[in-house]
Amino acid sequence: MLYRILFILLFVFNANAIASDKLTSKEIFSKQQDRLQKIENDLSDFQHKVQISLDSSDKRLADFSAQFGAQATNQGTNATWLGTIVAITGLAISVIVALAGWLTYVNATARAKSEAKKAVKKWFDGKDSHLQELIVNLVKEAEAGRAKIADDMGRFGNDTLVARNKINAAILAFMPQTGDADQVQHSEDPAAVEIIQNASEELKAKPESDFSANDHYVRGLALYKNGKFEGALDSFDAAIKLGVNVPANEHVLYLLLKGVTLGQQGKYDAEIAVYDEIDRHFGKDFAPDVRERVAGSLTNKGIALGHQNKPHDEIAVYNEIDSRFGRDVAPGVRERVAEALRNKGIVLGQQGRREEEIAVYDEIDRRFGQDVASGVRERVAVALRNKGIVLGQLDRLEDEIAVYDEIDRRFGQDVAPGMRKRVAEALRNKGITLGMQNKFRDEVAVYDEIARRFGQDVAPGTRSLVAEVLINKSIALSQLDNFEECITVCDEIDSRFGQDEDPDMRERMAQALKNKAILLGQQNRFDDAIAVYDEIERRFGQDMVHAVRQVVAQALLNKGTVLGQQERSNDEIAMYDEIDRRFGRDTATGMHQEVASALRNKAIVLGQQGMLDDEMAVYDEIDRRFGLDVTPGVREVVAQALINKGCLLGKLNKHDDEIATYDEIDRRYGQDSELETRKIVVGTLNNKAIVLHQQNRLDDEIAVYIELDRRFGEDMASGVRDVVAGALRNKGGALGLQGKPDEEIAVYDEIDRRFGQDPEPDLRQRVAEALCNKGEVLKKLANLDGEILVYDEIDRRYGQDEALNMRELVAGVLNSKGTRLLQQDNYERAIAVFGEIDTRYSHDVESGMRHLVGNALNSIGFAKIIQAKASWSDEPQRTKLLTSLQSVLKRAFMICGEDDRAIVLGNIGYGQFLLAQNMGLDETRECLILGGQQALENQLADAKKHRIEPEDTEYERLLNTLWQDILTNSRKSV
């Protein structure tokens, strides 16, 4: 720069001398010099700007990828090199001119001026063209360099933008879902997880003091993913602190993730405060992406209020979202509104307001059903899916299936991955509903369609659903007793998805193998089942994913059960101890349930071995270790352990302690809202009442039944209603023991009124039992007509029921009806009723039913004996009756139970004796041998009914003679 100043001074000093010459080359040089100077200045300024931009970009992106830092360095090097060329060239020119000026300066005479003038002119004359060419080339080089820098910066900027967008996309795919009340967790994109984890790893090489807000945010996401919520909160707070200079859409994201993390820790008040802060600072922002996140944060606020059991406040938040954002045209905001309405529907359903819930889902469809945005369409599909589920809960199964078909019709051709998953979910639900209708073949067909249409999808969530559907298919096939094909499906699942490394898929694989083992166990292939459980342990035993570890624990639990079925009790107990050793200290959600279940099973086995003190100790250990656990599944197991403890105390005749245990269960779990725990509590109260009954404390027993009905009588859950109905039935029995038949009948009528139309099998049985009891009371009251009417009503309502317990109940009722008619000497009607039992159930292979049919046939034979005696004077008629009964009684003997053979043989012998007194001796003797004193008394009583002489006197003599012979021979044997 000094030489340039000297040149300028020299130029001013010689201005007069040079001006007169007006050299063309001078003008050219001057213009070129000015142009060059401007280029140098522009280039220097541009270089500075480029360097600043590169430094800034380098700082923003160095944390994500080292290659971008290297590229920035190269660009800086290129810019520096070009600047150096320009500087050197300028320096050379300045030095040359300075030398000429110095020669002029040392001469004080006109000669010096003249010589300088000549020298300069001569130098320019000789160098004019060369210098001009040099300058032109330099300008071209500068412009080319400038263009190259601009091009490289453009490409670098594009790479920067792509990298940033990629990371932002990964963040959105990686971050926890917001505003999803029924499905907070979602399937993570493995690529997104990898990007964030890699970015977080690269941050370790960077001083934290140099972190940007985005750096802290990325680290927080990685910590969140690893369950380190406190560290994640610190990172999010640091991002928020530095976020004052970032765009609003990023700042609100930092706050949003802080709120979600607080929610994961159960700090709902703090979580809600964060969402309120978001609304306060950004609630009036008009940017669509900011409005979307504000709406999402409010939805999360609603969910947090739901966790605090504030459903009315939760619904109010969802209504506010709809009021503020309901008319927004931005797709993301519309999606949040649809989400909020869907959550509102869920809350209404949780309050038992099912029709209102359905109305909300219909509103979502009406308002958003024609939306073209993929995310909004997906929310509509989810709302319709939920509507289908609610219809199923209302036992409107055909309407439920119609909704699933509607989802398939409207969205089945949608290619968006999220929509394909929703359609597959709807079809899966359709299959499940068909299974609930016992339409297992149709169920399998639906699952096959899902596998055909979605089996090649690569989206992790859809692949996982296909695997789930194939598992369901295997279960449906087992219902069709197609065990081999069922096992083949399990093997197909393993073949298709067994190598998949996605955590959800590994969980499905472990489940499929577990189901295969269960099926093998159902076929009594215990060794094969154990081999599969061992394979699960070998392949997944070291897996660190919690859901997979839990399936492994379940497999080992099932293996213990199979060992018990093989009567390997010690090995079974050892397996339960192994589960406790390996998983007992695992704090992951759900694992405590498997460990507690293993200990509960261990206690049961110890009890079966007669080690009652050890059994009691294990129950106490379960309560000590897990009694304070708030997880629903664990609470359920602890409650089961306590109820088992109560039953054990009852076996030890410690009834007061037993009742105290039941009271403790009620105190601890009586207000629990979880269905399985409610079932245990209502069962506990029922057990307490039964113990009071055994102690003949009927008033206290009835009081417990009244309390049970008061607290749970309106509960619509299956498994609770049937216990309530059973408790009322027992209450009726207790009233009967107190000599209050009218009140007893009133209770049975109430059971019929409240539960008589319920299609649930257990409840149908309770109502039928209550009606049976009513018939028995009417019998005691000698109300024959009323009794028969009750029996006919039972047959009318339940006679076509295919369930074994109901078939047995109806057959028993018909038997009671026939017996009652027989007692009234209504032989023809009685025989017709017994014949109906034979007609309906003679082909039934169940042993209990065969015995009932045998009893009916025996009753037909006995009725014909009494009928023959009643018409004894009509010899052809009595002979016909006594002859025909023999074949009936022989059939009865073939299918009746061992305990009934004595009475059947007695009837055969008596009938033959009445035909001819020298017949039936062997059958009568065998009857007395099998039945003993009771058989003798029964046969003597039969001889007194419609007594005929001298036949019945001779029969009594025969009975006594045979009995004495039997007693004599018995004494000789002793």
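This is a predicted model: local features need pLDDT of at least 70, side-chain atom pairs count only at pLDDT 80 or more; totals for chains, interfaces and linings use all residues.
The crossing of α11 past α13 is left-handed.

Which residues of α11 meet α13? From α11 they are Pro288, Arg291, Glu292, Ala295, Gly296, Thr299 and Ile303. On the α13 side, the partners are Gly332, Val333, Arg336, Ala340 and Asn343. By class, the residues of this contact divide into five nonpolar, four polar and three charged.

Two residues of that contact, Glu292 and Arg336, come up again in a network of salt bridges. Glu335, Glu339 and Arg379 are linked into that network as well.

I'll go through three pairs.

Glu355 sits in helix α14, residues 354-368, while Arg396 is in the loop between α15 (374-393) and α16 (397-411). The two are 41 residues apart, and the pair links distant parts of the chain. Is Glu355 buried or exposed? Glu355 counts as exposed, because its relative accessibility is 52% and the exposed class begins over 50%. Arg396, with a relative accessible area of 35%, is partly exposed.

Next, Glu468 and Arg508. Here the side chains form a salt bridge at 3.3 Å, N to O. Glu468 belongs to helix α19 (residues 460-479) and Arg508 to helix α21 (residues 503-522), so this bridge ties together parts that are 40 residues apart in sequence. Buried means under 20% relative accessible area. Glu468 is at 17% relative accessibility and therefore counts as buried. Arg508 is at 18%, so Arg508 counts as buried too.

The last pair on my list is Arg711 and Asp666. The closest N and O atoms of this salt bridge are 2.7 Å apart. Arg711 is in helix α30, residues 698-712, and Asp666 is in helix α28, residues 655-669. Arg711 is partly exposed, at a relative accessible area of 24%. Asp666 counts as buried, because its relative accessibility is 17%.

Thr677 has its place in helix α29, which covers residues 675-694. What does Thr677 touch? Leaving out residues up to four places away in sequence, Thr677 touches Pro632, Glu636, Tyr669 and Asp672.

The other one is Leu821, found in helix α35, residues 804-823. Not counting residues up to four places away in sequence, Leu821 touches Ile788, Asn826, Arg829, Ala830 and Val833. Take Ile788 from that list: Ile788 and Leu821 are 33 residues apart along the chain, and their C-alpha atoms are separated by 8.8 Å.

That is the end of the talk.

Notes:
Residues are numbered from 1 along each chain as its sequence is written. Side-chain values use heavy atoms; hydrogens and water are left out. A crossing is left-handed if the near helix is turned anticlockwise from the far one by less than a right angle, and right-handed if clockwise. Helices (H or I, at least four residues) and strands (E, at least two) are DSSP runs, numbered from the N terminus. Contact means heavy atoms within 4.5 Å. Ala, Val, Leu, Ile, Met, Phe, Trp, Tyr, Cys and Pro count as nonpolar, Asp, Glu, Lys and Arg as charged, and the others, Gly among them, as polar. Buried means under 20% relative accessible area, exposed over 50%, partly exposed in between (1.4 Å probe, protein chains only). A salt bridge is a side-chain nitrogen of Lys or Arg within 4 Å of a carboxyl oxygen of Asp or Glu.
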